[in-house]
Each structure stands twice: as structure tokens, then as C-alpha cells.
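Here are a few exercises to work through with the model open beside you. Try each task yourself before reading its solution.

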Amino acid sequence: MASSNPISLLTFFILFFFLLSSPSHSTAPVTTVEICQSATSPSFCRSFLPASLASVHSHCRFTLAHALARAHAFLGLVDAHLGLAPTLPTRIVSALHDCHSLAAANVEFISSTLDTVNNTTQLLPFYEADELLSFISALITNGDTCYEGLTVAAATTTSSVVGSVEKVLAALSYDKNVYSLYLSLFKMGWVPENMKAPGLPEGKHFRLRRGPLNLKMSPENRAYYDRLVHRKRPAAPGRRLLQTNYEAEGILVNGIVAVDKNGSYDYTTINAAIAAAPNNSAAGNGYFLIFVSSGVYNESVVVPKNKKYVLMIGEGNNQTIITGNNNVVDGSTTFNSATVVVEGTGFFGVNLTITNTAGAIKHQAVALRVSADLTTFYSCIFEGYQDTLYAHTLRQFYRECDVYGTVDFIFGNAAVVIQNCNLYTRLPLSGQFNALTAQGRTDPNQNTGTSIHNCTIKPTAELAASPATKSYLGRPWKEYSRTVYMQSFIDAFIDPAGWKEWDGTLNLNTSYYAEFSNSGPGSDTSRRVKWAVGVINATVASNFTVSSLLAGDQWLPPTTVPYTGGLIS
């Protein structure tokens, strides 16, 4: 199949570099037809790969070279269209800005896989394989997000405007095929079959630890933090994790600033404090701590990609409140409607309340969007109605948090575990039903999914007083949607069918909706829809734990956040 754009000079040089730098292949050559039988789209695979004998690794390197060239070309294409911004409707321009951010991230994700794919033919150990699978999975999701945003924006404009973005949409469609093929070939060549997380001794899982966070910091930082935490004032209600233990194995803190909206500390806005964090900090250097005092912060907070390993601690639930009201009805894209956006690797949020107050009448209105790897939220509250928590991409963990919403209020295509949390379903608009989750997996090789583990699923008092309103555990937003509820309490307000169709029979035969060892009156599976996977056993359920789905035993221990790596025995 021919590309939707001619190969540029940049593309030629990238391909030339790959052909020169690829080492000899140690695996036996096979035909293109044989390789393509296992690809997600065999027909595209056969039209794309050279019709010659070669190893899986060689074909994957060829595809990688094209993927990188396509990613650069697409970024340039979006830039060119943004140059026409004065002539385009605001909604199209907003969607193009989202696409620019997503395209730039894709260039980085592909580049992060270069060394491994070009320099080894060995099967990878679990943690390295999971990381690269996460990056390649995010490539596809970012393209889907751009495509959907542009399509929604174009639907509200004239046909002449739609024609101006047709090249962008065509490029996205073609690039998705390339990225999907790259993911297929990478799994064939580098990922062990039935890949399992290595087991850890029981003591390595930080189970059910209560009390203060353990912090490891310099004497100067410690003195400043103590002044912030122990200043004389009435104790705020709600969960507080501000007391400090100084432990040799605590969270390593390297730098600290404080935010107070009244000007008592270093900054009056959260964004100003984020800007003060070092750029591209490495995990081994520790966290940059931002202490946010109690108050209502009405700002759109962004933790950009270059602000990595930021630890943001508030004063308590419903004490440190970050609020906004961006929404789709008033012109935002769903992607850019969030009150708080996290794109920096390793972000860790504690004791924060994040809300979107647009209300149910404004439809999609995100409180928190996370498009960052290795992110953790502990003892936080997320409040909204439709699309409250956007777990967009990569690996995410939520522990002891409260999430409030109505329609699809936990959605996205991250690998996400929500553990020991309270999920509160609110009363939606008249005529609406509630769906707690809408998972966005579009490729069967993506290592993504939503796992609800040891949580409590309940209605708010307002919804409980409206028994005619239907509520479901989730619905299949995309073709390979994947959601599992495990060892959770499900209250009686959940409809006995359990799961709701998205649009007729769309995605029913390819989605994955399962339950394991839940309790409560809403956990009875005897009347569940027939198209759901249904009840799974412990062996299958273990694939959706922190240790397996998130590879969490590698990156969660340095946060000292409590977590259960496997199933609860």
C-alpha cells in the first residue's frame, strides 16, 4: 500500500541509516506471508513488508525505520496545518494543538525503542519488555486520540474546512497500521510468550502500611518541610499524610518548594512551582517536592513532559483543592478539558482534591488526565460527572482515592490499577444511564486495560434516591476494550446485566469484560450479559494485578505507597 505522503528526504536518510546500522540477524529467515499471518492486519502487513526471506527482527527493524520517519513527517504535517490557524475554526485549531502534543510524544516513544530493537535479537526480561510494550501501545493510542479529536471537531464545521484536515486524517489512518504492525513484530521477536512478572518475597510488597509518608531528604530540605507541616494551625479534617518520618529507605526528596495562594510561601500558583522543578530529572535523583497548602486553586495545572519525578503533596482531602470547568460543550476537546494534566514521568500526587465543576449538563469535562508513565496517586479525590478520570496512556496506579462521576467516568487506554479506592456514582442527567468505565484499547497486542482491585463501588445519596436510573460497571468504548473488577464490593445499584453495550453489537465480540471474587449485592453474576467474558479464575485474574499489569514491583517501592502486588489471599 502506498503512503499517503511522498517519502521525504528525511525519510530517505532515516531508512538509509537503519539499513547500515542493523546488525546481522541470528534467527532463521521466513517468508513475508508466514510472518504476516500473525500480524494484527495480515493484508496491510503483506502490502507493507518487502516480499523476501528475512527474520522477524529484520522485518521489525524495517518497520521501525518507517514508523520513525512517519512520526517525524506527521509532526511536520500538523505544524503546517497549524500555520493555517487564522483561517480555521477554533475547534479545529484546538484539536490540531492536541495532535501536535501527541505527535511529539510519539517521536519520543519510537526513539526510546531504537537501541533495543536495533542491537539485540534476544527475548527481553519482563520489566524491559513491559516498558517497551507500553511505549509502542501508547503510539497507537496517541494517534487514536488525535484522530477522534479532529473528527469530532470537523463534524461541527463546514465541508470545506473538513477538506483541509483530510490529509491529516489520512496520514493518521496509515500511520496506525504501521504502528500496529510494529507492535505485532516487536511482540513476535522480543517478548516471551506468556510473559510473567518475576515473583517477589512477601516483604517486598508494601501492604496496608498506614501513617506518615517516609521521606529521605537533606537537613536543609527537612527543616523547611517541618516548618510547612508543623506550623501552628487547627488540624484539617480528612486523611492527612503530612507528618514526616525520616527513614533510610524513604522517598528520596531532592529539592522542595511550597505554594500558598495568599503569598505566604515560595509561589502563589501551582504552575509556577512546577516550572521551578528541574528539567528531565532521573529517577535516581529523587523527587522534587511541591507542598501545596490548603485553599482553592482555580487554575489549569499542567505537569509537562520535561518535569519528571515531581511529588506534589496537599494538606488533606477537601483542603487542597484544584478546580476548573473546561468542557466540550464550551469548546474544549476532551483531551484538553482536564483541570490537571500530567505528562511528566514518575509524577506522584498525595492529598489532592481535583475537580471539574462544569456539571453534567456540559457532558465531557475531565478532572484529571494522565498521559505519563509510572504515575501514582495516593489518598486523593477526583470529582466530576462525565469523563472524570482520563487514564490516557502508559502505566498508572491509584491507591486509597475517591472518584466521583456519572457517564464513563473512568476512561482511557492506560494500563491502570485502581486499588483500595471508593468509586462513587452520581446522578446523571435525566434520560442518561451511568457507566463507571469506558476502556479504550484498539489493538489486541496493546498491554493496556483497567483493573479495579479491592475497591468499593457505591452510589451517592442522590443517586440512591433515584432507583430508576440505570448504572453499569462499564461499556466497550473501543474494539478491544478490557476491564476487570477483582475482589471489590459492588453495591446493589449496579444493574444485574453488569455491562452495557456501546452501540448495538459494536465491539461486543472483541472486548474483554471480566469479574473475579467480588462481593456485595451487585456482584451476583447470574444475570450478566452473555457477551461479557464473565467470571475468571485466580490464574487469569493474576494478569490484572499491580505486579503483572503495571510491572509495579519495579517502580512502586521507591514511592513507599502501600500496594498489594498480587491477589488478596
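**Exercise 1.** Is the disulfide of C99 and C146 left-handed or right-handed, going by the torsion about its S-S bond?

*Solution.* Keep in mind that this is a predicted model.
- Step 1: Check the bond itself. The sulfur atoms of C99 and C146 are 2.0 Å apart, inside the 2.5 Å cut-off for a disulfide.
- Step 2: Read the torsion. About the S-S bond of C99 and C146 it comes to about 100°, so this disulfide is right-handed.
- Step 3: C99 belongs to helix α5 (residues 90-119) and C146 to helix α6 (residues 126-154), so the bond ties together parts 47 residues apart in sequence.
- Step 4: Look at the surroundings. C99 and C146 are both buried.

**Exercise 2.** How many disulfides does a search of the whole structure find, and what is the pairing of the bonded cysteines in sequence order?

*Solution.* 
- Step 1: The search gives 2 disulfides.
- Step 2: Besides the bond between C99 and C146, there is one from C36 to C45, with an S to S distance of 2.0 Å.
- Step 3: The torsion about the S-S bond of C36 and C45 is about -70°, so that disulfide is left-handed. Both C36 and C45 are buried.
- Step 4: Number the bonded cysteines along the sequence, and the pairing reads 1-2, 3-4.
- Step 5: C401 is in no disulfide, and the nearest cysteine sulfur, that of C421, lies 4.7 Å away. With a relative accessible area of 1%, C401 is buried.

**Exercise 3.** Which residues of helix α9 are buried, and which are exposed on the other side?

*Solution.* 
- Step 1: Helix α9 spans residues 219-229, and its buried residues are N221, Y224, Y225, L228 and V229.
- Step 2: These cover an arc of only 130° around the axis, which puts them on the same side of α9.
- Step 3: Recall the geometry: an α-helix has 3.6 residues a turn, so residues three or four places apart point the same way.
- Step 4: Turn to the other side of α9, where P219, E220 and R227 are exposed.

**Exercise 4.** Where does N518 lie, and what is it in contact with beyond its sequence neighbours?

*Solution.* 
- Step 1: N518 sits in the loop between β27 (512-516) and β28 (534-535).
- Step 2: Its relative accessible area is 17%, under the 20% cut-off, so N518 is buried.
- Step 3: Setting aside neighbours within four places in sequence, N518 is in contact with Y485, M486, Q487, S488, I490 and S523.
- Step 4: For Y485, zoom in on the backbone oxygen: a polar atom of the N518 side chain is 3.1 Å from it.

Conventions
Residues numbered from 1 in each chain as written. Predicted model: local features only at pLDDT ≥ 70, side-chain atom pairs only at ≥ 80, totals over all residues. Heavy atoms only, no water. Buried < 20%, exposed > 50% of the residue type's maximum accessible area, 1.4 Å probe, protein only. Helix = DSSP H or I, 4+ residues; strand = E, 2+ residues; numbered from the N terminus. Arc of directions from axis to C-beta. Polar contact = N/O pair within 3.5 Å; in protein donor to acceptor, adjacent residues only side chain to side chain. Contact = heavy atoms within 4.5 Å.
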